[in-house]
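This report describes the fold and selected side-chain contacts of one protein chain. The sequence and the structure are shown first, and the description follows.

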Amino acid sequence: MPKLPRLTAKEAEKLLLNADFIEMRSKGSHRIYFRENVRVVIPFHSGKVLHPKTVQQVFTAIESFEIKKTEEEINTDEEDI
């Protein structure tokens, strides 16, 4: 398994927002993003690199919707045939 990239909170936020997550709320230095039934919490600590487990959580959340999107596209293509 390849190593995860080192991300800051701003970079992770940009990835989540591009994947159609919305910022639901913030509490202290943590921001909570939500899409359907998936919640991701990102700690914003002045330019520090996120912990690898947090980075993994971000990628897992984004990938779960990419897989659904791909399955929907396949089903749509099959209906057209």
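Three strands make up an open sheet in the order β1-β2-β3, with antiparallel pairing. Because β1 (22-27) and β3 (38-43) each have a single partner strand, they stand at the edges, and one side of each is left without a neighbour in the sheet. From one strand to the next, the twist averages 25°. Helix α1 (residues 9-18) packs on the sheet and touches β1, β2 and β3, and its direction makes about 160° with that of β3. Axes are lines fitted to C-alpha atoms, for helices over the stretch in contact, and angles run from 0 to 180 degrees between N-to-C directions. Contact denotes heavy atoms within 4.5 Å.

The model is a predicted one, in which local features need pLDDT of at least 70 and side-chain atom pairs count only at pLDDT 80 or more, while totals for chains, interfaces and linings use all residues. Residues are numbered from 1 along each chain as its sequence is written, and side-chain values use heavy atoms, with hydrogens and water left out.

## Strand pairing and hairpins

Helices (H or I, at least four residues) and strands (E, at least two) are DSSP runs, numbered from the N terminus; two strands pair if DSSP finds at least two bridges between them. The antiparallel strands β1 and β2 are joined by five bridges, and K27 has H30 as its bridge partner in β2. In their hairpin, two residues lie between the strands, and G28 takes a positive phi near 65°.

Six bridges pair β2 with β3 in the antiparallel sense. H30 has P43 as its bridge partner in β3. The hairpin of β2 and β3 also has two residues between the strands, and E36 in the turn has a positive phi of about 50°.

## A salt bridge between helix and sheet

The structure holds one salt bridge, a term for a side-chain nitrogen of Lys or Arg within 4 Å of a carboxyl oxygen of Asp or Glu. E13 and R31 meet in this way through their side chains, at 3.0 Å from N to O. Since E13 lies in helix α1 and R31 in strand β2, the pair ties together parts that are 18 residues apart in sequence.

Relative accessible area is classed as buried under 20%, exposed over 50% and partly exposed in between (1.4 Å probe, protein chains only). E13 counts as buried, at 15% relative accessibility, and R31 counts as partly exposed, at 28%.

## F65 in helix α2

F65 is found in helix α2 (residues 52-80) and counts as buried because its relative accessibility is 5%. Apart from neighbours within four places in sequence, F65 is in contact with F21, R35, E36 and V38. The C-alpha atoms of F65 and E36 are 9.7 Å apart in space, and the two residues are 29 apart in sequence.

## Nonpolar surface patch

F34 has its place in strand β2 (residues 30-35) and is partly exposed, with a relative accessible area of 31%. Together with I22 and M24, F34 forms a nonpolar patch on the surface, with about 280 Å² of accessible area for the three together. Patches are made of residues with over 30% relative accessible area and no salt bridge, like charges being joined within 9 Å and nonpolar side chains (Val, Leu, Ile, Met, Phe, Trp, Tyr) within 5 Å. Accessible areas come from the Shrake-Rupley method with a 1.4 Å probe; for residues, only the protein chains shown count as cover.
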